[in-house]
Each structure stands twice: as C-alpha cells, then as structure tokens.
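User: Hi! Could you walk me through this model?
Analyst: Happy to, here it is.
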Amino acid sequence: MARKVKIPNHIQKRLARDTHKRKRNTKNKRKYFLIVCEGEKTEPNYFESLKNDLPKGVLTSCRIDIEGTGRNTLSLVEESIKMKERLENETSLSIDKIWVVFDRDSFEPENFNEAINLCKNSSPEIGCAWTNEAFELWYLLHFHFYNTAINREMYQELIEGNLKPKVGEDYEYQKNSTEMYGLLKENGNLELAIRFASKLETEFEGRFDFANHNPSTKVHHLVAELFGLEELLKKEDEDKASG
C-alpha cells in the first residue's frame, strides 16, 4: 500500500473543490482519468509505477489511463483533446479529467506558454503538469531544493549524485528506466518533493511568462491528485455507510 503522503494545504483545498465538482452528477460512477505524456517512456513509466502503488480500492473505483505520445507542448494538448473524444467513443465512458505532462526543453517560448494557456482556458480545464526544463527536476526535488536554473545536461549528474550514496557507486541514470519511481520511493522523499515544488511555485507567483520559470514544475499537482484519490475513496465509503 502506498505510504500516506502529506499534501500542502493549498493543494488539498483545490483537490476538495475538484472532488466536489466531479461528485456532482457522477455519484456511484467509476471515475476516469486520462494522463497524456510528451515522452513515450520516461513519464509513462513513472506514472504507471505510481498508479500500481495506489491501494487496490482506488484502482477498482477509478480508471487511470496513461499514454505516451512523442508529441510536445501545443500539439500534445491538442492531441489529448482528440484522444479524449476517441476514448469516450470507444468505451462509452465519460473521462472526468485530462492531465497533460510535458517539458520546456528547447521548444519555442511562445509554444510552451500557449500550450499552458490552452489547458487553462479549456472547458473543463485540462490539468497541466509541465516542467521547466525537464521532468527529471521532479526526481531531484525528492532530495534537495533547487532554485537555480538547471540545463538538461546537468540532470543525469545530479540524479546520480543523489542516488549513488544510497544504491551504490555503479548506479547510472537511465532516462527510460522503469525503476525510477521505486528508487525515489525507497531512497528519496515524496512529501519533500511536493513541498519543494510548491515552494518553487511561490517564487514565480503572479508571473505568466512560464517559459522563463526555471526551475519550476507542476508535476506535484498531478501526483497529489492521484494520492488524493485514496482519501476520496475513504470519504465515499463513509458516505455510503452513513447513508
């Protein structure tokens, strides 16, 4: 069973609002989440491992589909909307929430910013777990707080520097590894990563030039929502028992 994760208050409040919205008109319906990733391996592997670490009751009451597309920024968001329509037609199920996961990388600033704004302005809003510059920042925050710009070439060295003292000097970071979630769970601190990511958010608060928010990540919002499903399940069980 997944370790209980302490979620910062401002994220808990947002989750509570989202939960309230989803519960209207969806009572007793299995929740359906779609996570669409830029990468075909790295991000899907991480979230598949996280999903499989959730309590069985969550996976019984919630369907969580994770797709890696190889698309980026704006094209990824557009593809996620098409994918939602296609899956709903194929399954005759209504998808409650879409999340997209993508990086700043070296993409044009206007494309990156436009993708984020498209998510915000979609109805219903698309969850946007973006990272500037790369998803690996989320891994690093399991160990330390980083608030200076990090380029892509530095991530491998920093990840290895954090993990080698714990797992052995022979460790080499593999970008498409299926083991990263487990390594981070055993040797890092997820609660710390959420807290550090939230702290980074405050450093760019009120600024909408997202392409310049380096380092920054919104992955913690998606992770918090997934772990929050356990609390949602408990609440629904309590409601049934009292009803």
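User: Which residues does lysine 51 touch, leaving out those up to four places away in sequence?
Analyst: Lysine 51 touches Leu59, Ile64 and Ile66 on that count, where contact means heavy atoms within 4.5 Å. This is a predicted model, where local features need pLDDT of at least 70 and side-chain atom pairs count only at pLDDT 80 or more, while totals for chains, interfaces and linings use all residues. Residues are numbered from 1 along each chain as its sequence is written, and side-chain values use heavy atoms, with hydrogens and water left out.
User: Is lysine 51 buried or exposed?
Analyst: Buried, at a relative accessible area of 17%; the cut-offs are under 20% for buried, over 50% for exposed and partly exposed in between, with a 1.4 Å probe and protein chains only.
User: Switching topic, which residues are buried in helix 8?
Analyst: In helix 8 (residues 180–187), they are Met180, Tyr181, Leu183, Leu184 and Asn187. Helices are DSSP runs of H or I with at least four residues, numbered from the N terminus.
User: And where do they sit around the axis?
Analyst: Those buried residues fall within an arc of 165°, so they line one face of helix 8. The arc is taken from the directions from the helix axis to the C-beta atoms.
User: How many disulfides are there?
Analyst: The count is zero, with a disulfide being a pair of cysteine sulfur atoms within 2.5 Å.

Methods
Helix = DSSP H or I, 4+ residues; strand = E, 2+ residues; numbered from the N terminus.
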